[in-house]
Amino acid sequence: MKLNFLKYTIASCLSLVLVSEAVATEWNVSLWGTRRAFTEHVEKLAELVNEKTGGEFQLNISYGGLSNNRENLDGISIGAFEMAQFCAGYHYDKNPSITVLELPFLGVTSLEQEVEISQAVYQHPATVEDLARWNATLLMPSPLPQYNIAGVGEGPRTLSEFEGLAVRATGGIGQAMKTIGAVPTSMSATEVRQALDSGVVSAVAFAPHAHMSFGTVESARWWTTNLNPGTVNCPVVVNTDALNALSDNERDALLGSVEEALAYYLTYYNDQTMAQWGPVLDEKGIERITYTEEELAAFREAVAAPAAQSWIEENIARGLPAQELYDLVVSMIAGS
């Protein structure tokens with residue numbers, strides 16, 4: 001009888017383990033490149049969700065193993081994975097509502113402001129409906145500072161010297177560069193180093209972390225300190241069906257961890273990434289090029305208003321309340 005009882009007890013324990021494993025929820029998360037400042041909020045989110053659910057809800061992060069970065073939104077739409085990061089400028093037509101955040105010279109001055117404005121746009125009904133076409137729910141932004149340009153060869157010491165320069169630049173930054181005669185080329189971040197080394201492009205527009213993470217600083221001879229034509233908007237999204245399928249506890253753990261994950265990201269970027277940037281430029285012997293305020297003012301005047309008007313007209317034609325979205329962004333910037 002003792003033997004039978006022991007067998008019953010072991011079998012019961014195994015059943016409990018199997019049941020526990022069966023009800024545990026795992027989400028696959030599609031990122032690209034390598035772990036870096038740009039992905040620290042996702043890493044932190046995974047850590048927090050795991051802690052809050054006692055390991056019963058886990059985010060399995062993959063860097064490039066699930067999808068090409070330009071196809072992450074498509075993967076979300078068909079449920080190939082449950083969470084992903086992408087940049088609006090990668091596929092303008094798939095997410096026109098959030099491309100308002102990539103317009104050149106908006107005047108955003110901090111990562112904190114970038115978070116606030118992005119979240120307001122993400123929560124706008126038109127944006128929610130726009131992303132719903134892809135079965136996607138916007139979870140949180142990946143705030144980035146103003147882009148600047150690093151390049152090879154002779155550096156453009158005036159804006160007129162950008163004429164004919166092939167620059168990797170997406171979205172509104174690409175539009176801005178075209179205005180001063182550069183030739184913008186759109187490519188994913190993972191392709192940039194090879195393109196720079198092979199001469200496909202001579203310069204790259206990136207935020208500081210990306211210049212370091214994707215190796216442009218290994219080849220670059222110059223960097224613009226104050227061009228500041230804009231930034232890109234790269235949200236983290238989740239598959240809406242997967243989100244709705246979570247238990248209340250799992251959903252609370254996920255959504256309730258977003259603000260803490262973003263706060264961690266901001267501290268990491270401001271205190272670690274930016275602290276490294278100056279020393280890296282010095283170590284690599286990269287020349288800093290700074291433009292006069294007169295040149296920059298003329299650049300902004302030539303680019304900002306025409307780009308905004310063009311964006312508004314094009315997206316009104318798409319059926320978006322484009323003027324309303326643009327006014328929301330501009331008013332928040334002015335208000336702060």
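1. Confidence. pLDDT is the predictor's confidence in each residue, on a scale from 0 to 100. The protein chain averages a pLDDT of 92, and 93% of the residues score at least 70. Over residues 1–12 the pLDDT stays under 50, and the model has zero contacts beyond four places in sequence for them; a contact means heavy atoms within 4.5 Å. Residues 14–20 also have pLDDT under 50, with one contact beyond four places in sequence.

2. Basis of the note. The model is predicted, so local features need pLDDT of at least 70 and side-chain atom pairs count only at pLDDT 80 or more, while totals for chains, interfaces and linings use all residues. Residues are numbered from 1 along each chain as its sequence is written, and side-chain values use heavy atoms, with hydrogens and water left out.

3. Nonpolar cores. A nonpolar core is a set of buried Ala, Val, Leu, Ile, Met, Phe, Trp, Tyr and Cys residues joined through side-chain atoms within 4.5 Å; buried means under 20% relative accessible area, exposed over 50%, and partly exposed in between, with a 1.4 Å probe and protein chains only. The largest such core has 67 residues, and those with the most contacts inside it are Trp27, Leu45, Met83, Phe162 and Leu254. Helix α12 (residues 258–284) gives the most to this core, with six residues. Helices (H or I, at least four residues) and strands (E, at least two) are DSSP runs, numbered from the N terminus.

4. Phe162. Leaving aside neighbours within four places in sequence, Phe162 is in contact with residues including Ile149, Met177, Ile180, Leu227 and Tyr291.

5. Strand β8. Both faces of β8 (residues 203–206) are covered, with Ala203 and Ala205 buried on one side and Val204 and Phe206 buried on the other. Two strands pair if DSSP finds at least two bridges between them. Strand β5 (residues 148–151) pairs with β8 in the antiparallel sense over four bridges, and strand β6 (residues 166–168) pairs with β8 in the parallel sense over two bridges. Val204 is the bridge partner of Ala150 and also of Arg168.

6. Disulfide. A search of the whole structure finds one disulfide, defined as a pair of cysteine sulfur atoms within 2.5 Å. Cys87 and Cys234 form it, with their sulfur atoms 2.0 Å apart. Cys87 lies in the loop between β3 and α4 and Cys234 in the loop between β9 and β10, so the pair ties together parts that are 147 residues apart in sequence. The link is right-handed, with 100° about the S-S bond. Cys87 is buried at a relative accessible area of 8%, and Cys234 is buried at 1%.

7. Thr231. Thr231 is found in the loop between β9 (222–224) and β10 (236–239), and counts as buried at 4% relative accessibility. The Thr231 side chain reaches the backbone oxygen of Leu144 at 3.4 Å and that of Pro145 at 3.0 Å. Not counting residues up to four places away in sequence, Thr231 touches Leu101, Glu102, Glu114, Leu144, Pro145, Gln146, Tyr147 and Ile173.

8. Positive phi values. Phe105, although not a glycine, has a positive phi of about 55°. Phe105 lies in the loop between β3 (83–85) and α4 (111–123) and is buried, with a relative accessible area of 15%. Asn228 has a positive phi near 45°; Asn228 is found in the loop between β9 and β10 and is partly exposed, with a relative accessible area of 29%.

Definitions and conventions:
A polar contact is a pair of N or O atoms within 3.5 Å; within protein, one must be able to donate a hydrogen and the other to accept it, and residues adjacent in sequence count only if both atoms are side-chain atoms.
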